[in-house]
Amino acid sequence: MVDSLFNKLENTYKGKKVFLTGHTGFKGAWMLKTLVMLGADVKGYSLEPKTRQDLFYLIDGNDLCNSVIADLRDKKRLETEILDFQPDYIFHLAAQPLVRLSYEIPSETFEVNVIGTANLLDAVKLLNIKCNIVLITTDKVYYNNEWLYPYRENDRLGGYDPYSASKACAELVIDSYRNSFFNNKTYSSHKKALAVARAGNVIGGGDWSKDRLIPDIVRALSIDKPVNIRNPKSVRPWQHVLEPIAGYLLLGSNLNENPLIFNEAYNFGPQISDTLLVEEMLKLAIQSWGKGSFNVEIDENQHHEAGLLKLDISRAINELKWNPKMDAEEAVSLTMNWYKEYINNINNIKEITSNQILNFFN
């Protein structure tokens, strides 16, 4: 009998100490719940969730982990929390993650995403135990030529908007620390392995962020209003949140077994056939919801956002044995079912979140 992905990951993480930054965020809360279900001992480090409807509160996140509410820019606090915990694994998800917001707070975006990453790696330098570190950036780290060719991990990095540029800068920081302090040649003395995960646009239940497609759709459809969209013809590598989480966990597992081989960057996204237009995703969401309509907003003064972005995921498939499990229609359906449950029976939301994780990993 072939072990399920859940069993394989449970063998890696059960009883292990995992330091998770960004655990109160949308993706971080899904990661937290998954890690706890796998039997990990989790310490989270993040800012306070913005609202009581955030997924972290809905799954009783404070009961799932040792939750530290603090800023990545607080270098001493971050160092203290990591050294006190002595983690086996670190997953670094905390960030200022919004493109449009980065135009409003550009310097803060660079501080959090670049200096925050350096602060974390400075703390890792002080650890005297073996530790595997997976640092999550984004598909937007690539210098975007708006071409049909899917970006590979060795393509040029860049960034038009402050968010994308900050994440590309973070990757340069990571690469510098890997070469300078965590070099393969001296692994036997430092015992640290760094890998980077670049994920595409993520959807899933519990995301309430401003200016994100699915939250905007749910907010409108739940009050019977048309959905307003900005860039209907933009192409994005959409995927359900559990897809990259599985990738991060597999990457951490492989890093633990072969630290000198898997300390690289990996793309996590959908198959190319599932890289859809914003308008196509919106229509799938309305179909899954059961009713709704939309309007296209024309704003001549809106900030630049990439129009075309595709990822080559062959390295993750071939080296990590990771594969997307859902197509776009399945991902949207699973997402909209979560939101419908939230609206119709919020008391069931912890159960539906757990069930979606178990069904995905088994």
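Predicted model: local features only at pLDDT ≥ 70, side-chain atom pairs only at ≥ 80, totals over all residues.
**N183.** Buried or exposed, or in between: where does N183 fall? N183 counts as partly exposed, because its relative accessibility is 24%, and the buried class ends under 20%. I placed N183 in the loop between α8 (162–180) and α9 (187–190). Then I checked the distance to Q53. N183 and Q53 are 130 residues apart in sequence. In space their C-alpha atoms are 43 Å apart.

**C65.** I went to C65 next and found it in the loop between α4 and β3 (66–69). C65 has a relative accessible area of 12%, so I logged C65 as buried.

**D60.** Where does D60 sit? I found D60 in the loop between α3 (55–58) and α4 (61–64). The phi of D60 is positive, about 55 degrees, although D60 is not a glycine. I noted D60 as partly exposed because its relative accessibility is 32%.

**K321.** K321 lies in the loop between α13 (314–320) and α14 (328–344). Buried or exposed: which is K321? Relative accessibility is 63%, so K321 counts as exposed.

**Second largest pocket.** I then turned to the second largest pocket, where K321 came up again. The volume of this pocket is about 370 Å³. Its lining has 18 residues, and K321 is among the closest to the centre, together with L5, K8, L250 and L320. I sorted the lining by residue class: seven nonpolar, five polar and six charged. Which elements each supply at least two residues of the lining? I listed α1 (5–13) and α11 (242–257). The largest share, six residues, comes from α11.

**A316.** I stepped to A316, which is in helix α13. A316 has 0% relative accessibility and therefore counts as buried. I checked A316 against N267. They are 49 residues apart in sequence, yet 6.5 Å apart in space, C-alpha to C-alpha.

**Y266.** I located Y266 in strand β11 (residues 265–268). Y266 is buried, because its relative accessible area is 0%.

**Helix α7.** I took α7 as a whole, residues 106–125, which makes 20 residues. The helix reaches 28 Å from its first C-alpha to its last, close to the 28 Å expected at 1.5 Å a residue. I still found a kink in α7. The kink is about 30 degrees and is centred on I115. Which residues of α7 are buried? I noted T109, V112, N113, V114, G116, T117, A118, N119, L120, L121, A123 and V124.

**Strands β1 and β2.** I moved on to the strands. β1 (residues 17–21) and β2 pair in the parallel sense, and I recorded five bridges between them. At T21, the bridge partner in β2 is Y45. Strand β2 spans residues 41–46 and is mostly covered, with five of its six residues buried.

**Strands β1, β4 and β5.** I followed T21 to its other partner. In β4, T21 bridges to H92. β1 and β4 pair in the parallel sense over four bridges. I continued from H92, whose bridge partner in β5 is L135. Strand β5 covers residues 131–136 and runs parallel to β4, joined by four bridges.

**Facing in β4.** I finished on the side chains of β4 (residues 89–92). Which residues point one way, and which the other way? Y89 and F91 point one way, I90 and H92 the other way. In β4, I marked all of Y89, I90, F91 and H92 as buried.

Key
Residues numbered from 1 in each chain as written. Heavy atoms only, no water. 1 Å grid on protein atoms, 1.4 Å probe; cavity = no way out; pocket = protein on both sides within 12 Å on 5 of 7 lines; lining within 4 Å. Points joined across faces, edges and corners; volume = space filled by probe spheres on them. Nonpolar A, V, L, I, M, F, W, Y, C, P; charged D, E, K, R; others polar. Expected span 1.5 Å × (residues − 1). Bend = angle between axes of the 7 residues up to and from the residue. Buried < 20%, exposed > 50% of the residue type's maximum accessible area, 1.4 Å probe, protein only. Pairing = 2+ DSSP bridges.
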